[in-house]
Amino acid sequence: MAAPAKNLVNLESVTKVHGTRTLLDGVSLGVAEGDRIGVVGRNGDGKTTLIRVLTALEEADAGRVVHAGGLRVDVLTQHDSLDPTATVRQEIIGDRADHEWAGDARIRDVLTGLFGGLDLPGFAAGLDTVIGPLSGGERRRIALARLLIAEQDLLVLDEPTNHLDVEGIAWLARHLGSRRSALVCVTHDRWFLDTVCTRIWDVQRGTVHGYDGGYSDYVFARAERERIAATEETKRQNLVRKELAWLRRGAPARTSKPRFRVEAANALIADVPPPRDGAELMRFANARLGKTVFDLERVTLRAGEKTLLTDLTWQLGPGDRVGLVGVNGAGKTSLLRALADAAERQAAGGETGEARGVVSGTVRVGRTVRLAYLSQEVAELDPTWRVIQAVERVRARVDLGKGREMTAGQLCERFGFGKEKQWTPVGDLSGGERRRLQILRLLMDEPNVLFLDEPTNDLDIETLTQLEDLLDGWPGSLVVISHDRYFVERTTDRVFALLGDGRLRMLPRGLDEYLERRAAVRSAEEEHARAAPAAERDRPAASPAQLSREAQKEQQRIERQLDKLGEREARLHESMAEHATDFTRVAELDAELREVVGRREELETRWLELAEGA
């Protein structure tokens, strides 16, 4: 019989008060060896306070916090303690000799996973870069790396996925899953919670509710608890049921095995429709937007001297819901800014077809486009305005489509600004609350095209589900840039990727395919780096004739594939004509057609590259 897990930390009837607010009220809980605990809850409800008390960074006002003897604990806080005069090497590697740290598999894994390589590409002087001038995101990765190369009994992380891209988050999930130390993690990243955690602590109004399992299990169990208790308001119940339906209908890899009575949870969602009625939203979008939204033809996009996109032909149509992912610096934000600039020029009566950063090609904007662009920067508002005043200055009522209308006050409540909070001065809001207010003001302006650049920054899970619920019924075109994998999968229908080679690719299998492609690229780069010295020494250079024959063979393979795709495309057009009155079937066929067209365009581009190099 296995010995019971050793307790590492225990909280006994702990109370903590900040000002007039009781953040922890008689909380009792514990962390044992092997625990993987995710901490969730609304911003301001006490998540950070809980882990600071847990790790003895703050003292409890009442109750006891007991640590096991000799406990080794490390904490990643939201504000690092790095020495600005030190180098990256000094903070992460310390005084280890190069041969010593380079031979340590953990250090190599951490540097490669968080920075892309042992030489820290992207840092001016690599490991010898001075920390002082670095950005907040770069400093945070350095602080995280310093923790991950150390050994601990308990690792406590406060928002570890902030400033990491999709690849970095996937790597961190794998890394933490392989560690022996116990883990307590505060995060709003639901995919990360589901992948890493085996328990959830839900911090609500001074209490902490514990659930077994990852995020999916937590949603199931919370829905069951609310079904039995029947004490929550209808609005919250409906939101939980909708997210539960999404999780249960998702890919098997998205959910883990629930640890409670699944039948009761299934009963909750028996009559819940899919999150979005794609065909109906498409009809509304066509009515509001017409046939053209954004058409890009042979566009080359630059930022300064760097060429980000080359010869791009792409279309954003009415009702399209697109996720845009890619490596940092590949041009995701620059592309949205260029499209927004083109729309702004047209609205101002300027030259059509031009946009900031576009050095060749044409950007066409639909005449009826009303664009709202949520950038990563939080718009500055008059700090003396009240929340409700900031919203009503845009519009007093908003039409959400399908006959739904909300007042400014009602929408404020949906986004967590209760009746009292609506009269709080903007200057007194937290960063997350200002982000919520920024999104609110955009939606109140009744746009028919939405660009959301990292919309999940500073938003808690409850606010994210509220935003997702609103977007489910919003009829328009949507482009989302986000490192929050769950949000992208939940709100969009197609994913496009910028992989840093100047091209935009559609990924039929979404973010799984993106991670596979990136892994393949890294593997090829590593193999090339290993093989290059030997190849230069031993292998004679390929003759132009050999290169030409190889190119011709690949062109022939591509031509056969293009023939097959052409036949498939023709069959899909015929099927769409046959089912013209079945909107659901037409939407399914249209999605399949877009995949075929995207693959055809990729192959045609590759064929042209081979032809030019012949």
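Mentor: The discussion below takes up terms one at a time and sets values against their definitions.

Mentor: This is a predicted model, in which local features need pLDDT of at least 70, side-chain atom pairs count only at pLDDT 80 or more, and totals for chains, interfaces and linings use all residues. Residues are numbered from 1 along each chain as its sequence is written, and side-chain values use heavy atoms, with hydrogens and water left out.

Trainee: How many helices and strands does the chain have?

Mentor: There are 20 helices and 20 strands in the chain. Both are DSSP runs numbered from the N terminus, a helix being H or I with at least four residues and a strand being E with at least two.

Trainee: Why is Glu-468 called buried?

Mentor: Buried means under 20% relative accessible area, exposed means over 50%, and partly exposed lies in between, with a 1.4 Å probe and protein chains only. Glu-468 has a relative accessible area of 1%, so the residue is buried. Its place is in helix α16 (residues 461-472). Of the 614 residues in the chain, buried ones make up 50%.

Trainee: Which residues does Glu-468 touch, not counting those up to four places away in sequence?

Mentor: Glu-468 touches Arg-190, Tyr-486, Phe-487, Arg-490 and Thr-491 on that count. Contact means heavy atoms within 4.5 Å.

Trainee: What makes Arg-594 partly exposed?

Mentor: The relative accessibility of Arg-594 is 23%, and therefore the residue counts as partly exposed. Arg-594 belongs to helix α20 (residues 583-613). Beyond residues up to four places away in sequence, Arg-594 touches Asp-320, Arg-494 and Met-506. Glu-569 is 25 residues from Arg-594 along the chain, and their C-alpha atoms are separated by 9.3 Å.

Trainee: Why is Gly-63 partly exposed?

Mentor: Gly-63 has a relative accessible area of 47%, so partly exposed is the term that applies. Gly-63 lies in strand β4 (residues 62-67). Residues up to four places away in sequence aside, Gly-63 touches Glu-12, Ser-13 and Val-14. From Gly-63 to Lys-16 the C-alpha distance is 9.1 Å, although 47 residues separate them in sequence.

Trainee: What is noted about phi of Arg-205, and why is this residue called exposed?

Mentor: Phi of Arg-205 is near 50°, a positive value in a residue other than glycine. Most residues other than glycine have a negative phi. Arg-205 has a relative accessible area of 62%, and is therefore exposed. Arg-205 is in the loop between β8 (199-204) and β9 (207-212).

Trainee: What is phi of Glu-446 near, and what makes this residue partly exposed?

Mentor: Phi of Glu-446 is also positive, near 50°. The relative accessible area of Glu-446 is 25%, so the residue is partly exposed. The loop that holds Glu-446 runs between α15 (431-444) and β17 (449-453).

Trainee: Why are α4 and α5 called roughly antiparallel?

Mentor: Axes are lines fitted to C-alpha atoms, for helices over the stretch in contact, and angles run from 0 to 180 degrees between N-to-C directions. Angles under 35 degrees count as roughly parallel, over 145 as roughly antiparallel, 65 to 115 as roughly perpendicular and the rest as oblique. Helix α4 (residues 105-115) and helix α5 (residues 136-148) pack at about 160°, with axes 10 Å apart. The two helices are therefore roughly antiparallel to each other. Residues making the contact include Val-110 and Leu-114 of α4, and Ile-142 and Leu-148 of α5.

Trainee: How do you know that α4 is roughly antiparallel to α6?

Mentor: The angle between α4 and α6 is about 155°, and their axes are 8 Å apart. That value makes α4 roughly antiparallel to α6. Among the residues in contact are Asp-109 and Gly-113 of α4, with Trp-171 and His-175 of α6.

Trainee: What makes a group of residues a nonpolar core?

Mentor: The term denotes a set of buried Ala, Val, Leu, Ile, Met, Phe, Trp, Tyr and Cys residues joined through side-chain atoms within 4.5 Å. The largest such core has 125 residues, of which Phe-294, Val-363, Leu-437 and Tyr-514 touch the most other members. Helix α6 (residues 166-178) gives the most to this core, with seven residues.
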